[in-house]
Amino acid sequence: MPRSAEVSRKTRETEISVSVHVDGKGKADISTGVGFFDHMLDQLSRHSLIDMTIKAKGDLHIDDHHTVEDTGIAIGQALSKALGERRGIMRYASIDLAMDETLTRAAIDVSGRPFLVWNVAFSSPKIGTFDTELVREFFQALAQNAGITLHVTNHYGANNHHIAETCFKAVARVLRAALEPDPRQPDAVPSTKGSLKG
């Protein structure tokens with residue numbers, strides 16, 4: 001069965017549609033109205049090899065918060081739906097990802113139990129017009145709604161754009177590795193409980 005899903009979410013603050021294809025090639029069609037965020041989501045798709053179509057309209061006249069958080073919610077829900085019982089996946093992955101002067105680690109357990117550990121600090125509240133605190137908000141929403149345990153640690157870095165980008169790229173790479181089919185147990189749920197639904 002193809003590991004694909006679509007999710008639509010509409011509130012008084014945002015209207016978002018997301019489709020994902022886990023076994024894709026990293027093709028992205030993304031428009032949220034937030035330029036830097038679109039760039040980060042493009043990195044997430046490209047380096048995870050998850051095809052993503054994301055269309056979002058939000059109350060950007062207030063700020064970017066609702067759009068970023070609700071997009072994370074919708075992507076997480078779509079991933080959870082696409083994975084179903086999570087049979088045959090590798091489940092765990094970690095990586096140290098370098099970009100110029102910056103090094104960031106991401107580790108993941110596609111466990112069904114949502115949890116985020118975030119050890120990332122920015123030296124500025126903004127990257128252009130984008131609030132740096134929203135990077136954490138996105139990953140919190142993603143982890144909570146995808147049902148994944150996610151740890152992200154920035155070891156060091158001087159450029160805030162690079163720090164944010166390594167977070168998205170590192171998470172993309174661990175998603176790719178953890179969601180890969182396990183050839184040794186293609187039909188098994190990789191848990192002694194027999195379930196990865198929390």
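View 1. Two strands count as paired here if DSSP finds at least two bridges between them, and the strands themselves are DSSP runs of E, at least two residues long, numbered from the N terminus; helices are runs of H or I of at least four residues. This is a predicted model, so local features need pLDDT of at least 70 and side-chain atom pairs count only at pLDDT 80 or more, while totals for chains, interfaces and linings use all residues. Residues are numbered from 1 along each chain as its sequence is written, and side-chain values use heavy atoms, with hydrogens and water left out. With that out of the way: 4 strands make an open sheet, ordered β1-β2-β4-β3, with mixed pairing. At its edges sit β1 (4-10) and β3 (28-31), each pairing on one side only. Neighbouring strands are turned by 5° against each other on average, direction ignored; for angles like the helix ones below, axes are lines fitted to C-alpha atoms (for helices, over the stretch in contact) and values run from 0 to 180 degrees between N-to-C directions.

**View 2. Zooming in on β3, β4 and helix α1.** β3 and β4 (residues 51-58) run parallel and are joined by 4 bridges. Look for I30, which stands opposite I54 in β4. Helix α1 (residues 35-48) packs on this sheet and touches β3 and β4, its direction making about 160° with that of β3; contact means heavy atoms within 4.5 Å.

**View 3. Helix α1 by itself.** The end C-alpha atoms of α1 are 20 Å apart, which agrees with the 20 Å that its 14 residues should span at 1.5 Å a residue. That expected span is 1.5 Å times one less than the number of residues. Which residues of α1 are buried? They are F36, F37, D38, M40, L41, Q43, L44, S45 and S48, where buried means under 20% relative accessible area, exposed over 50% and partly exposed in between (1.4 Å probe, protein chains only). An α-helix has 3.6 residues a turn, so residues three or four places apart point the same way.

View 4. Helix α2 (residues 65-83) lies across β1, β2 (14-21) and β4, running at about 35° to β2. The 19 residues of α2 reach 27 Å from first C-alpha to last, close to the 27 Å expected at 1.5 Å a residue. Because 15 of those 19 residues are buried, α2 is largely enclosed by the rest of the structure. Just after α2, G84 takes a positive phi of about 55°; G84 is found in the loop between α2 and β5 (92-99). G84 and A5 are 79 residues apart in sequence, yet their C-alpha atoms are 9.9 Å apart in space.

View 5. D63 is found in the loop between β4 and α2. At 30% relative accessibility, D63 counts as partly exposed. From D63 to A93 is 30 residues along the chain, and their C-alpha atoms are separated by 34 Å.

**View 6. The sheet with β5, β6, β10 and β7.** This open sheet of 4 strands has the order β5-β6-β10-β7 and mixed pairing. Its edge strands are β5 and β7 (115-119), each pairing on one side only. Here neighbouring strands are turned by 10° against each other on average, direction ignored. Strands β5 and β6 (residues 102-109) run antiparallel, joined by 8 bridges, and A93 has I108 in β6 as its bridge partner. β6 and β10 also pair in the antiparallel sense, over 7 bridges, with A106 opposite V152 in β10. β7 and β10 pair in the parallel sense over 5 bridges; there N119 has T153 in β10 as its bridge partner.

**View 7. Helices α3 and α4 on that sheet.** α3 lies across β7 and β10 (149-156), at about 160° to β7. α4 packs on the sheet and touches β5, β6, β7 and β10, its direction making about 150° with that of β5. Helices α3 (residues 133-146) and α4 (residues 160-179) pack at an angle of about 15°, axes 10 Å apart. The two are therefore roughly parallel to each other; angles under 35 degrees count as roughly parallel, over 145 as roughly antiparallel, 65 to 115 as roughly perpendicular and the rest as oblique. In the contact, V135, F138 and F139 of α3 meet A164, C167, F168 and V171 of α4.
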